[in-house]
Every structure is written in structure tokens, then in C-alpha cells.
Amino acid sequence: MRIPCPYCGPRDVAEFNYLGDAAPAPIASGDDAVDQAALFVHIYLRDNPAGPHQGYWYHGNGCRSWLVVTRDTISHDISEVRLADSRGRA
């Protein structure tokens, strides 16, 4: 699989590290029990989608950019690659 890095162009996936789902993290409600449960679900009970999925990728052996890659988990076709914003959000 090759990922089209916005700075370096198409590069082998071996240059990247997958760092997880780019879905938004839960927003704090102020109730610690609810926040802990939502964070547990967000981290450990993730979906395993068949189809388009957005994930964070780090180009560690290249320009060291954080990317948000939209990839089909069945065909591995990449439909979008963009830089993650400075706050690490998708």
C-alpha cells in the first residue's frame, strides 16, 4: 500500500505508523464517572468498520507529519489524505 503524503508524494506504507481512529474523542461532561466510561468506550471498544475509515497516520520515516487518511478497510483504496490540524484533530 502507498500513501500519498501531501509533502513527500506517494510513499510506501512502511514509512508510516498507524496511530488509531480519527473519530472525535468524547467531550467532557463534568461527571467523572460518565467521562471515564465514555473514554473507556472510545479507547477500548472501537468499531472495526468494513469500508471507509479515517485514521491517524504519522510519517515517521519522511516529513514527520501527522495525517488523516481516509481508507477503505476492505480494498485499501485511499480516497483522501490531509494534514491533521495543530490540535491533532481530524
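Tyr58 is partly exposed, with a relative accessible area of 22%; this class lies between buried (under 20%) and exposed (over 50%), computed with a 1.4 Å probe on protein chains only. The model is predicted, so local features need pLDDT of at least 70 and side-chain atom pairs count only at pLDDT 80 or more, whereas totals for chains, interfaces and linings use all residues. Residues are numbered from 1 along each chain as its sequence is written, and side-chain values use heavy atoms, with hydrogens and water left out.

Three aromatic pairs are present in the structure. Rings of Phe, Tyr and Trp (its six-membered ring) pair if their centres lie within 6.5 Å, with planes under 30 degrees apart counted as stacked, over 60 as edge-to-face and the rest as tilted. Phe40 and Tyr44 make a tilted pair, at 5.1 Å centre to centre and 45° between the planes. Both residues belong to helix α1 (residues 32-44), four residues apart, about one turn of the helix; helices are DSSP runs of H or I with at least four residues, and strands are runs of E with at least two, numbered from the N terminus. Phe40 is partly exposed at 45% relative accessibility, and Tyr44 is exposed at 59%. Tyr58 and Trp66 form another tilted pair, with 5.2 Å between centres and 50° between the planes. Trp66 is partly exposed, at 45%.

The largest nonpolar core comprises seven residues, Ile3, Cys5, Phe16, Trp57, Leu67, Val69 and Val81, such a core being a set of buried Ala, Val, Leu, Ile, Met, Phe, Trp, Tyr and Cys residues joined through side-chain atoms within 4.5 Å. Strands β1 (2-5) and β5 (66-72) each give two or more residues to this core.
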